[in-house]
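Hi everyone, thanks for coming. I'd like to walk you through one structure today, so please have a look at it with me.

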Amino acid sequence: MTSDDLAAFAYGLPKAELHVHLEGTLEPELRFALAERNGIELAEKTVDEMRATYVFDDLTSFLAVYYPAMAVLVTADDFDDLAWAYLERARANGVRHVEMFFDPQAHTSRGVAFDTVIQGLRRAVVRAEAELGIDAALVLCFLRDLPTDSAMATLEEALPYRDWIVGVGLDSDERDNPPTKFEAVFRRARAEGLRLTMHCDIDQVGSIDSIRWVLEELRVDRIDHGTNIVEDPALVEALVGSGIGLTCCPVSNSFVTASMKGAEMVDLLARGARVTLNSDDPAYFGGYVADNYVRLAEQYALGRDTLAQLAINSFEASWLPAERVAAYVAEVREFVAAQ
Ligand code: HPA
Ligand code: ZN
């Protein structure tokens, strides 16, 4: 495939995105526009100046840039505009279904009401179905570097909006904040009928123990990142047997660790694991979901069949009902056959 053919194929391929933080889709241009609308003065005056401050080489240094940028998100319109801008880009990336993370504690801790956040996001979700043909769902993420009580209170605050949320996740700084810290919160969320996923970030202290615990003890419905599972072949077998998806983010990995971790993704895929490709925080890492397909394919000489398998995995690892999954998988096969 020429690089043009590869890009056209990767962009056109119908796919689901399962690991994208809406706050991580806040592009500098929108950040400036929202700052102006809300009368907030920013230190930087141009997009280039702003991008020049986006300097990070690990998760902690990334998060130090990511959270302050959210100060411009104040009204329900702001959250609507944020999600809508992402959804339009997702459409151009061939996304048919998306399960989007949002971080309510990053807003309620600044005095923005939970209701404001979710009402705005919900408006974009409803419009996306009607105007973009994307079915979008929201996944509430708890910040793991805040106390457990705060996560439990956030879950309780979310319950009146239960029908607008498909599941819960766990993000932010994993160091000293393993999944076990949130066992009670996640068990409660499951009892409320929510799906469960958790970040098991790359190369953390105790990564393999965390992955084992979320798979075997908590029994999550998906794992975000999680490629350190290759350290334990027996656990990889258990993962494959369970059909649980891994939401991998090659471009993001290349910013916060020494590599894309592509070799691990390709190896896991070959062993039958439900590896999916996703963008994580595309406004900061410079690649939306189709770019992640392109980058992995270029580096590992992946062909169309492998990219199509990744797209099929994205639907099979989603939380859509089985008949919707089957319909989307058929769409992938039709797209490939028509090439
Ligand atoms: N890991 C942890 N927290 C995050 C991430 C991530 O990849 N992106 C946004 N918050
Ligand atoms: Zn993430």
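Let me start with a definition: buried means under 20% relative accessible area, exposed means over 50%, and partly exposed is in between, with a 1.4 Å probe and protein chains only. Please keep in mind that this is a predicted model, where local features need pLDDT of at least 70, side-chain atom pairs count only at pLDDT 80 or more, and totals for chains, interfaces and linings use all residues. Residues are numbered from 1 along each chain as its sequence is written, chains are lettered from A and ligands numbered from 1 in the order in which they are written, and side-chain values use heavy atoms, with hydrogens and water left out.

One more convention for the element names: helices (H or I, at least four residues) and strands (E, at least two) are DSSP runs, numbered from the N terminus.

Let's begin with two aspartates in loops. Asp 176 sits in the loop between β4 (165-171) and α9. Its phi is near 65°, a positive value in a residue other than glycine. Is Asp 176 buried or exposed? With a relative accessible area of 70%, Asp 176 is exposed. Asp 203 also has a positive phi, near 55°, and again the residue is not glycine. You'll find Asp 203 in the loop between β5 (195-200) and α10 (207-218), and at a relative accessible area of 45% Asp 203 is partly exposed.

Now to helix packing. Axes here are lines fitted to C-alpha atoms, for helices over the stretch in contact, and angles run from 0 to 180 degrees between N-to-C directions. Helix α8 (residues 148-158) and helix α9 (residues 183-191) pack at about 15°, with axes 9 Å apart. Angles under 35 degrees count as roughly parallel, over 145 as roughly antiparallel, 65 to 115 as roughly perpendicular and the rest as oblique. So α8 and α9 are roughly parallel to each other. On the α8 side, the contact (heavy atoms within 4.5 Å) is made by Thr 148, Ala 151, Met 152, Leu 155 and Glu 156, and on the α9 side by Ala 184, Val 185, Arg 188 and Ala 189.

From α2, Leu 30, Leu 34 and Arg 37 make the contact, and from α5 the partners are Asp 77, Asp 78, Asp 81, Leu 82 and Ala 85.

On to charges. By a salt bridge I mean a side-chain nitrogen of Lys or Arg within 4 Å of a carboxyl oxygen of Asp or Glu. How many salt bridges does the structure hold? There are 19 salt bridges. One of them joins the side chains of Glu 41 and Lys 45, at 3.6 Å from N to O, and both Glu 41 and Lys 45 are exposed.

Another is formed by Arg 123 and Asp 80, with the closest N and O atoms 3.0 Å apart. This pair links distant parts of the chain, 43 residues apart: Arg 123 is in helix α7 (residues 114-132) and Asp 80 in helix α5 (residues 76-92). Arg 123 counts as partly exposed at 35% relative accessibility, while Asp 80 counts as buried at 8%.

Back in helix α9, Glu 183 and Arg 187 lie 4 residues apart, about one turn of the helix. Their salt bridge has its closest N and O atoms 2.9 Å apart. Glu 183 is partly exposed at 30% relative accessibility, and Arg 187 is partly exposed at 37%. Salt bridges that share partners also join Arg 37, Asp 78 and Asp 81 into one network.

Now for a charged residue without such a partner. Asp 281 lies in the loop between β8 (274-277) and α14 (282-285). Asp 281 is buried yet has no salt bridge, and the nearest side chain of opposite charge, Arg 144, is 12 Å away.

Last stop: Val 125, which lies in helix α7. Val 125 is buried, with a relative accessible area of 8%. Leaving aside neighbours within four places in sequence, Val 125 is in contact with Met 100, Ala 136 and Leu 138.

How values were computed. Lys and Arg count as positive and Asp and Glu as negative; His and the chain ends are not counted.
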